[in-house]
Amino acid sequence: MAFVRLSGVTYLDPELAHDSYVLFTGADSVTRLIDLNGTVVHEWPYAGVPPRILDPALNDGRVGDVGVQLSDSGDARGGIYANGTIGQLNWDGERVWEWGRQAPGGAARQNHDWELLPNGNRLILVTAPRVVPGLGDHVIGDQGLYEVTPDGEIVWQWFAGDHLDEFGFSEAGWAALRETVARDPEDPWGYLEMNSAKSLGQNRWHVEDPGTAFQPDNILVSFRKANIVALIDKATGALAWRLGPYYAAEAGAQHQRINAHKVPRPLDQTSGQHNPHMIAPHLPGAGNILVFDNQGGAGYPPAAVGIYAGSRVLEVDPVSREIVWQYTAEDSGLPPWTFFSSFVSNAQRLPNGNTLITEGMQGRIFQVTADGDVVWEYHSPYQGYGVAGEPEVKQARVPGVDRLTLTALVYRAQAVPFEWAPVGTPRLPLRHVDLRNGPS
């Protein structure tokens with residue numbers, strides 16, 4: 001019997017949804033810009049990890065430029081080693097900028113994130129094959145950051161393996177980390193799986209206290225496998241602030257469910273989180289940190305997660321370290337397991353206070369209000385064959401274990417303002433849709 005899955009827009013409330021374009025790469029490795037009706041208004045035949053339409057204010061006023069991955073490295077290990085070059089395409093698909101061949105080792109090895117900075121440089125999350133002190137003599141996939149000029153020169157760099165003593169690992173954590181690396185030094189996703197990096201930009205904390213750790217140039221990063229969110233001091237390279245890896249034992253999965261409706265409350269155990277970033281000054285919740293807490297298996301040693309697996313989107317005050325808003329499936333009146341992605345995924349605050357959520361493992365992108373009401377829901381119809389959701393060419397496979405499967409995975413979607421696309425790009429009136437119980 002064939003499995004029938006939802007496809008396209010299944011719900012849209014035009015009065016409550018924030019109207020914009022939405023950009024994402026489908027599992028077929030094509031990057032598309034859609035409207036909230038689900039209509040494709042433009043596409044590029046490249047994947048992005050993640051793709052991102054550039055803010056014209058940072059791009060010399062140019063509209064419609066997109067950042068994507070342009071070529072593979074040819075590295076058989078796949079995973080975080082797979083990317084050869086990244087670049088910027090204009091609306092017509094012409095290459096405006098490309099980088100990677102001049103990188104150390106002749107490949108960008110960019111993965112999980114990148115950013116165009118206000119000074120015109122790019123912050124690129126990369127993999128560096130190297131021996132990491134304290135983790136044995138094997139060359140492993142360390143991850144870090146390059147700041148790259150428009151001419152391709154690396155003018156600043158940072159590697160996680162040089163700062164492990166700042167991560168707060170317990171003795172048991174160090175033992176679990178070393179055991180994991182020794183068991184699989186060729187792990188194609190890296191021992192930490194660093195999965196996001198975003199500079200803070202101007203923010204309320206810096207305005208209120210110029211000496212704060214939250215300096216505009218500092219960089220918020222996430223280490224999925226370690227359950228750590230950290231702030232890198234750009235000037236010194238040291239960690240200036242950190243969440244995780246551990247929380248009080250009584251703040252475990254059961255505690256989360258019992259107290260889920262209570263905010264504010266102290267932050268409790270995250271697991272396998274993605275894309276923590278500071279909400280920009282012009283948006284509701286400005287200065288707080290928004291993070292997709294996957295609640296997938298992660299941690300050194302592994303964190304306890306609930307039997308009734310469900311993901312969360314958390315808004316955290318970084319000073320009080322309290323959850324001030326959250327979204328779970330239960331906030332929409334549904335069982336927790338109906339909203340779950342153990343890996344990938346994202347959340348983005350919108351100008352009207354809604355939040356765009358990428359439930360990536362399911363290929364589902366949706367908008368919720370502050371009260372948890374789903375006001376737009378879209379299921380990517382674009383599928384591809386891969387292992388754990390990654391295209392075969394970019395994924396190292398374990399013979400006899402990993403099998404190619406059909407997936408609609410979406411790594412990270414981006415809400416794109418209409419004015420970031422060229423004049424004349426289609427913008428159709430929104431129509432009410434409700435197919436949640438099947439076609440009428």
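A pocket here is an open set of grid points with protein on both sides within 12 Å along at least five of seven lines, and a lining residue has an atom within 4 Å of a point. The model is predicted.

**The largest pocket**

About 1300 Å³ of space lies in the largest pocket. Its lining counts 50 residues, and Asp55, Glu115, Lys198, Ala280 and Trp420 come closest to the centre. At least two lining residues each come from β5 (52–53), β9, β13 (194–199), β14 (219–223), β18 (274–278), β22 (346–349) and β29 (414–416). By class, the lining holds 27 nonpolar, twelve polar and eleven charged residues.

**Cavities**

Four cavities of 30 Å³ or more are present in the structure.

**Backbone features**

| Feature | Residues | Angle |
|---|---|---|
| Cis peptide bond | Valine 49 and proline 50 | omega about -10° |
| Cis peptide bond | Glycine 244 and proline 245 | omega about 5° |
| Positive phi, not a glycine | Histidine 112 | phi about 70° |
| Positive phi, not a glycine | Asparagine 275 | phi about 50° |

Proline 50 is in the loop between β4 (40–44) and β5. Proline 245 is in the loop between β16 (239–243) and α3 (253–258).

Histidine 112 belongs to strand β9. Its relative accessibility is 7%, under the 20% cut-off, so histidine 112 counts as buried. Asparagine 275 belongs to strand β18. At 8% relative accessibility, asparagine 275 also falls under 20% and therefore counts as buried.

**A nonpolar surface patch**

Ile307, Tyr308 and Trp337 make a nonpolar surface patch of about 430 Å². Tyrosine 308 lies in the loop between β19 (289–293) and β20 (312–317). Is tyrosine 308 buried, partly exposed or exposed? Its relative accessibility is 47%, which lies between the 20% and 50% limits, so tyrosine 308 counts as partly exposed.

Definitions and conventions: Residues numbered from 1 in each chain as written. Predicted model: local features only at pLDDT ≥ 70, side-chain atom pairs only at ≥ 80, totals over all residues. Heavy atoms only, no water. 1 Å grid on protein atoms, 1.4 Å probe; cavity = no way out; pocket = protein on both sides within 12 Å on 5 of 7 lines; lining within 4 Å. Points joined across faces, edges and corners; volume = space filled by probe spheres on them. Patch = residues over 30% accessible without salt bridge, like charges linked within 9 Å, V, L, I, M, F, W, Y side chains within 5 Å. Areas by Shrake-Rupley, 256 points an atom, 1.4 Å probe, with all protein chains shown as cover. Salt bridge = Lys/Arg side-chain N within 4 Å of Asp/Glu carboxyl O. Helix = DSSP H or I, 4+ residues; strand = E, 2+ residues; numbered from the N terminus. Buried < 20%, exposed > 50% of the residue type's maximum accessible area, 1.4 Å probe, protein only. Nonpolar A, V, L, I, M, F, W, Y, C, P; charged D, E, K, R; others polar.
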